Amino acid sequence: MSARRFAPAPAIAVATDRDGRPRGLRWRGRWERVAAIEAVWEVTAGWLEDAGATRRCYRLRTHAGLLCVVHREPGGGRWHLESILD
């Protein structure tokens, strides 16, 4: 599996469920519904804007077959597309 990483990770629109998990995202001008959340992990590092802040990352597979990694800024901020997995 190869990954196309984005640096910096672009902000994207993400729809979430009541628990804050992604249920859909806008990619290339259209909405993609999340078919599965394949992995969830947290990253805590001093280089985040607020030292010691934690961001949660999700590896998602959409109904259209897109496999990607997204994360949300600490404190409930914007969502970002970290990478596309092929």
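Q: Is His-80 buried or exposed, and how do I read that?
A: Buried means under 20% relative accessible area, exposed over 50%, and partly exposed in between (1.4 Å probe, protein chains only). His-80 has a relative accessible area of 9%, so His-80 is buried. Bear in mind that this is a predicted model, where local features need pLDDT of at least 70, side-chain atom pairs count only at pLDDT 80 or more, and totals for chains, interfaces and linings use all residues. Residues are numbered from 1 along each chain as its sequence is written, and side-chain values use heavy atoms, with hydrogens and water left out.

Q: Where does His-80 lie?
A: Strands (E, at least two residues) and helices (H or I, at least four) are DSSP runs, numbered from the N terminus. His-80 lies in strand S8, residues 79-85.

Q: Which side chain does a polar contact join to that of His-80?
A: A polar contact is a pair of N or O atoms within 3.5 Å; within protein, one must be able to donate a hydrogen and the other to accept it, and residues adjacent in sequence count only if both atoms are side-chain atoms. Here the partner is Glu-73, at 2.8 Å.

Q: Which residues touch His-80, leaving out those up to four places away in sequence?
A: Contact means heavy atoms within 4.5 Å. Among those touching His-80 are Ala-9, Ile-12, Val-70 and Glu-73.

Q: What about Arg-28: buried or exposed?
A: Arg-28 is exposed, with a relative accessible area of 69%. Arg-28 sits in the loop between S4 and strand S5 (30-44), and has a positive phi of about 55° although it is not a glycine.
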